[in-house]
Amino acid sequence: MGSNRFAKIPYRIYTMVLAVACLVGVLLFGLGLSYYWKEKHVSVDQSVTNLNHASDLAGVESYLVLHQAAKLYELNSGQPTALLSSPYRERALQYNTQLLDDFETGVHERERDALLAFSERLEETLDGELSEFDNVPFDVIESIDRRWLYQGLERTAQANTAYELTDAVMRMQMTFIQNVTNLLAETPDREKLEAELASIATEARLLEEIIATNPTLQTKSTADLTESALALGRLTSTGSTLEARYVNGTKFYEDSHEVLQTIRSSTESLLLEERNRYGTLAVLVLLATLVLSTGLLAALCYTRKMYAHDLSHLKARALAIDPSTEPVEASFPASHDFRGIEDELREIAVSVHSTVNTLETQSNDLLRYHERWSSLFSETGLAIALIDDAYNFIERNDVFDQFFGARNLYEINQLFTNTGRRLFQEALEGVTEHGTSAQFILHLKGEHARFLNAKIIPLKRGGTLTYYLILEDETERVERERKVDRLVRFDLATELYNEYGFIRAWEKQDIDGTFLLIKLNDFHHLVDWYDTIYADLLMTEFARHVEDRLEKYAHHLFGRYRDDTLMLYVKGFSTLDEHELMELFPTELLINQKRQTVHVQIGAAHTTPNYTDCLFEATRALQHAKETRTPFVWYDASILAQLQWAALIEQALPEAIEQGHITVAYQPQVELTTGRVVGAEALARWQHPDIGHVPPNEFIRIAERSDQILWLSHSILDQVINQLVAWRDTSFSGVSLSYNLSAHSVDPSIVTKLRDLIETYPWLPDRLKIELTESADIMSHANELERLEDIADLGYCLSIDDFGTGYASFEAIWHLPIQEVKIDRMYVSGKAKDSTSFLRAVSRFASEQALTSLAEGIETKEDLERMIAEGVELGQGYYYAPALKPDAFEAWVNEKKGRPD
């Protein structure tokens, strides 16, 4: 055995001494670090307290100033009661009650004395003469308020612009305080007033520059303050009344107080987060110290246990010594600490030979037992192992070895996932404690992941508890269930949630944010132009880009609602985050090496826990976005009202068409150089008996959406034809009428009607013009183009409406026999009316192509003269007349003939 084993005994003593020293060091370091973070926590608490004190002090100051302003206004305007000043007095006294306890810390002796005197005399100042206001130590109040607020800003490491914003607001407040008497005087000193208000306006513009430099400072309160300050500054340019100065002045001062309150609140929130962080760090350090200390104590105990283990091991070795092969004296030094054990070894060695036969008998019994259980293990396809109470393997079969090789139970446990290890440990503890079997599923990590159905069965052998561990490979079944679950919950093309999966995930979330429906407008066009695969590829690429941009948001859900519509939930977003939401969605993608522009429309709703409610609101918002052709719409009460209005119109529309409530009005079209009436545009009008006037763009849009537009188009066309027939044998027989035809109305039935009417009225093509609206939609559909060509072949004049607003109207001229172009009102009386070069180009283009040019929207004589100068032939607009009923139109034409232009 050798003597060096006992020579190492003092080393354990040194190890124990070193472990005790480490334990003391860890305790001192951990407690010191925990105390440091605790002090940090206390320091932040003091800053939060100071901010609360500053809020109380600012409240007293603000409501004192507003009370003074109200008293001045009541005095100078002859108010009989203190109706305006009383609420401010109560609020000031309220804040003063809180303020009396705030002067123990954070202020100098001189400041404390001044503030205590001010606080104690506040009620006297409020109820006394106006001159008492001049004795208030506003400089001390502002100094303390600024210092406490700056402490909070400094501790939260806010940008310099936050300090600049605070300074600017406080300067504006001081300017107002110093000049409030003159501002609210019955006859103020104008020069002094102008200087005061100019100073406030200058500070307001400085606020705008600060916010432009740091947009994160932009809040509703800062916007309100800037607006009210500039409004107050504009009082010098008008003969302002006392009431106007009072209203604008108090509004400005309340907004300035609100801005500073907002800064304090946001700073306090940041300080509270920092305080919680410091508190958490202190607790974690303390816990880590306790854990390390416990570990070191465990190491000490383990060292002592190992020392005792060596002694017991030495005794066990003595039991196996054969005196015939090795003398006992050669195993120990002459003098050692285990002399008693040596004597026992000599006594035991004598009886060794007598125990050999007993040991051989026991060995044979174990061999037979082993053979019996080996036969059992080898005849099953399950992985089976026998484990003793120390969790060592007693026996395991070949299938078990195929799974885990020669690993021990600890090494096998490391192959499981964290959840698997936890389940295995809990199962062993439960089996040991209750004596009942346990069954569970384990996930085996590795190159080839497996799912094992594990069962632990307890077995008592004598007084020892052993366990059977039985494992069955369930990988195929689990993978099959996973595939089925994925088919049920996910969209196969994009690998996003489908609606069912989205709802299941929604139910597990703490819902508080924004729910959106995102519609890709070009999806169905791409299906028509290319194929479904290309459209799904666009949707997949779009979803991938959105998911990449969503990575910074910890809580969100993303799924596919319909073939062309996605759904998204993002936690914490509101209407203020619309721009950030829009940035999630790419506007251009690269599909098969081809750049594809993406146009989306979004309906958004504030979330409630009920998914159905959110879906309803977002669907309505998306519907409103599509109808108004806007990219992003938030759901609110106004949208619901518009939808109800649209539903009412849609319900009333069939009856209105059937009973002729939708009539036609005619806006005259005039030859510009002579003033001669040559035609009119037929415009639909609806006067509902209960609702009143319904705008044409509203009921036409609803008719298109509800598939009633064709019926409406037939009704309008019939009225136009009847009017032409009525004028046939009158002085109006030379007047032509323009009938508007949209892409939704180019139907074979319209073409057939126009063809059949020629048989009855051969002169009709000379008096009826077909005016094409929405030329962009018409040019994208080949069937509509063919029908328009059929109409032109019948002899009807085709006219392009809103000419110049897009490429489609130019393209239509080359595809259809267009005879007239109507210049959009934008170039006549709208925002582009000064673009004479366009008018000149259109006039020249019309002349070269033998087209008639007509300007719509002529509002003034200047518009008329400009159109004539640029060579436009015809025109219409309110300068001549609005759309008129037939009898009013006839009267207007007759009156125009009877007077010179």
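G734 lies in the loop that joins helix 24 to strand 16 (736–741); helices (H or I, at least four residues) and strands (E, at least two) are DSSP runs numbered from the N terminus. The model is a predicted one, in which local features need pLDDT of at least 70 and side-chain atom pairs count only at pLDDT 80 or more, whereas totals for chains, interfaces and linings use all residues. Residues are numbered from 1 along each chain as its sequence is written, and side-chain values use heavy atoms, with hydrogens and water left out.

With a relative accessible area of 45%, G734 is partly exposed; buried means under 20% relative accessible area, exposed over 50%, and partly exposed in between (1.4 Å probe, protein chains only). Leaving aside residues up to four places away in sequence, G734 touches V678 and R767, where contact means heavy atoms within 4.5 Å. G734 and V678 are separated by 56 residues in sequence, but their C-alpha atoms are 7.1 Å apart in space.

The protein chain has 901 residues, and 44% of them are buried. It contains 32 helices and 21 strands. Among contacts with a separation of 6 or more, 67% are between residues 24 or more positions apart.

Helix 24 (residues 709–727) also packs against helix 25 (residues 748–760), the two axes coming within 11 Å and crossing at roughly 15°. Axes are lines fitted to C-alpha atoms, for helices over the stretch in contact, and angles run from 0 to 180 degrees between N-to-C directions. Helix 24 and helix 25 are therefore roughly parallel to each other; angles under 35 degrees count as roughly parallel, over 145 as roughly antiparallel, 65 to 115 as roughly perpendicular and the rest as oblique. On the side of helix 24, the contact is made by L710, S713, H714, L717, D718 and I721, which meet S749, I750, K753, L754 and L757 in helix 25. These residues divide into six nonpolar, three polar and two charged. Here Ala, Val, Leu, Ile, Met, Phe, Trp, Tyr, Cys and Pro count as nonpolar, Asp, Glu, Lys and Arg as charged, and the others, Gly among them, as polar.

Not counting residues up to four places away in sequence, I662 touches several residues, including L653, W686, F699 and L712.

In helix 23 (residues 696–705), the buried residues are F699, I702, A703 and E704. They are covered by elements including helix 22 (637–659), strand 13 (662–671) and helix 24. Just after helix 23, D707 takes a positive phi of about 60°.
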